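The following exercises are to be worked with the sequence and the three-dimensional model at hand. Each task is followed by a solution in steps.

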Amino acid sequence: MRRGLRAAAPLLPAAFVFGASFGVLARAAQMGAAAAVVFSATTFAGSAQVAAVSVLGAGGGVAAAVAAALLLNARYAPIGITVAEAFRGRFLRRLAEAQLVVDESWALSGGGTPRFDRRVLLGVGASLWVAWTGGTAVGAVAGGAIDPGSFGLDGAFAALFLALLAGQLRGRRAAAAAAGGAAIAAALTPFLPAGLPIIAATAAALVGWRRP
Amino acid sequence: MSAAWASVLAVGAGTVVLKALGPVAVGGRTLPPRLVSLLSMLAPALLAALVVTEAFASGRRLAIDARLAGVAAGALAVALRAPLWAVVLAGAAATAAARHFL
């Protein structure tokens, strides 16, 4: 857990500021402060929450907002399976610990690799949850003008995923899977709703089927 | 119930189920080595896809905008073996600067 906290430390300010900006966006889309905070505490997935709020704000309706958010979160099914083996114990404990799986906690703990460490995942996930939910509360209550764009946070997350990817690129098969995943996501983005190109990119992992 | 609360509760419940699928349904059992090998390739494939969508996707369009400066700065920081916080900071600063000056 402590190693997880240390690993998460550089991300906490960004998560807090992103959470605060989500709180501001939610209020602008007529969502109450309590609903915004409950959203962050239960869903704990920024891109899906921002997507749902923007659809609601544009008058897209509940069904469209829920579908957009769950499509963005569907990647957590394959991501959860990559770390499933490490989760032991009672049903409720696994259910609770699984909620701390987010892209950053999964990647920083070596998710999908033999080095995966469940305690690092829990440490990163728990500290990010506090920063994300706390940031949302501050943003939703204060309702100040925090624009993620003018802080460059959107580009920062792309850079973050790039850095996490660099840590995963060991061997030619991993490089092939990454190239394939990037190509699939880029090729399908014009044709599919947001979130689906990322799910489709998991097809590139088929390079792992052949034994080395 | 308001549209906001209905969305919050539906997305929250759905996400709890999606995240629990692996750890609750598969947890505690060992997987065949070939499947583990395949699953280990999910990490680079998904992360590369997230880089592409975070950097270039704008709705359904692929767009080249200020985020590209952030990714370039991030790539430079990664190449220089900078710590993660420096990569994040470089990405944010370059994106904000490109958005402001271009």
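**Exercise 1. The interface**

How many residues of chain A are in contact with chain B, and how many residues of chain B do they meet?

Solution. The model is a predicted one.
Step 1. On the side of chain A, 91 residues take part, and they are in contact with 71 residues of chain B.
Step 2. Helix 10 of chain A, residues 153-168, supplies the largest share of the chain A side, with 15 residues.
Step 3. Sorted by class, the chain A side has 61 nonpolar, 21 polar and 9 charged residues.
Step 4. For the model, the scores are ipTM 0.79 and pTM 0.68.

**Exercise 2. A helix pair across the interface**

Describe how helix 10 of chain A and helix 4 of chain B pack.

Solution. Step 1. Two packed helices are described by the angle between their axes and the distance between the axes.
Step 1. For helix 10 of chain A and helix 4 of chain B, the angle is about 35 degrees and the axes are 8 Å apart.
Step 2. The crossing of helix 10 of chain A and helix 4 of chain B is right-handed.
Step 3. The residues that helix 10 of chain A brings to the contact include A:Ala158, A:Ala159, A:Leu162 and A:Ala166. Among those they meet in helix 4 of chain B are B:Gly70, B:Val71, B:Gly74 and B:Val78.
Step 4. By class, the contact of helix 10 of chain A with helix 4 of chain B has 12 nonpolar, 3 polar and 2 charged residues.
Step 5. Among the elements of chain B, helix 4 has the highest mean pLDDT, 95, whereas helix 2 (residues 33-40) has the lowest, 73.

**Exercise 3. The nonpolar core**

Which residues of the largest nonpolar core touch the most other members?

Solution. Step 1. The core has 112 residues, and those that touch the most other members are A:Ala159, B:Ala45, B:Ala49 and B:Val51.
Step 1. Helix 3 of chain B, residues 42-56, gives the largest share of this core, 12 residues.
Step 2. Leaving out residues up to four places away in sequence, B:Val51 touches A:Ala158, A:Phe161, A:Leu162, A:Leu165 and A:Ala182. Of these, A:Ala158 and A:Leu162 are also among the residues through which helix 10 of chain A meets helix 4 of chain B.

**Exercise 4. The two chains side by side**

Solution. Step 1. Chain A comes to 12 helices and 0 strands, while chain B has 5 helices and 2 strands.
Step 1. Read along the sequence, chain B follows the pattern α-α-α-β-β-α-α.
Step 2. In chain A, 58% of the 212 residues are buried; in chain B, buried residues make up 49% of 102.
Step 3. Among contacts in chain A between residues at least 6 apart in sequence, 68% join residues at least 24 apart. In chain B, residues 24 or more positions apart account for 35% of the contacts with a separation of 6 or more.
Step 4. The mean pLDDT of chain B is 86, and 93% of its residues reach 70 or more.

**Exercise 5. A glycine in helix 9 of chain A**

Where does A:Gly134 lie, and which residues does A:Gly134 touch?

Solution. Step 1. A:Gly134 belongs to helix 9 of chain A, residues 118-142.
Step 1. With 18 other C-beta atoms within 10 Å, A:Gly134 is partly exposed.
Step 2. Residues up to four places away in sequence are not counted; A:Gly134 then touches A:Phe16 and A:Gly19.
Step 3. A:Gly134 and A:Gly23 are 111 residues apart in sequence, and 9.8 Å separates them in space, C-alpha to C-alpha.

Technical notes. Residues are numbered from 1 along each chain as its sequence is written. Chains are lettered from A and ligands numbered from 1 in the order in which they are written. This is a predicted model: local features need pLDDT of at least 70, side-chain atom pairs count only at pLDDT 80 or more; totals for chains, interfaces and linings use all residues. Helices (H or I, at least four residues) and strands (E, at least two) are DSSP runs, numbered from the N terminus. A residue is buried if 20 or more other C-beta atoms lie within 10 Å of its own, exposed if 12 or fewer, and partly exposed in between; C-beta atoms are placed from the backbone. Two residues are in contact if their C-beta atoms, placed from the backbone, lie within 7 Å. Ala, Val, Leu, Ile, Met, Phe, Trp, Tyr, Cys and Pro count as nonpolar, Asp, Glu, Lys and Arg as charged, and the others, Gly among them, as polar. Axes are lines fitted to C-alpha atoms, for helices over the stretch in contact, and angles run from 0 to 180 degrees between N-to-C directions. A crossing is left-handed if the near helix is turned anticlockwise from the far one by less than a right angle, and right-handed if clockwise. A nonpolar core is a set of buried Ala, Val, Leu, Ile, Met, Phe, Trp, Tyr and Cys residues joined through C-beta atoms within 7 Å. pLDDT is the predictor's confidence in each residue, from 0 to 100.
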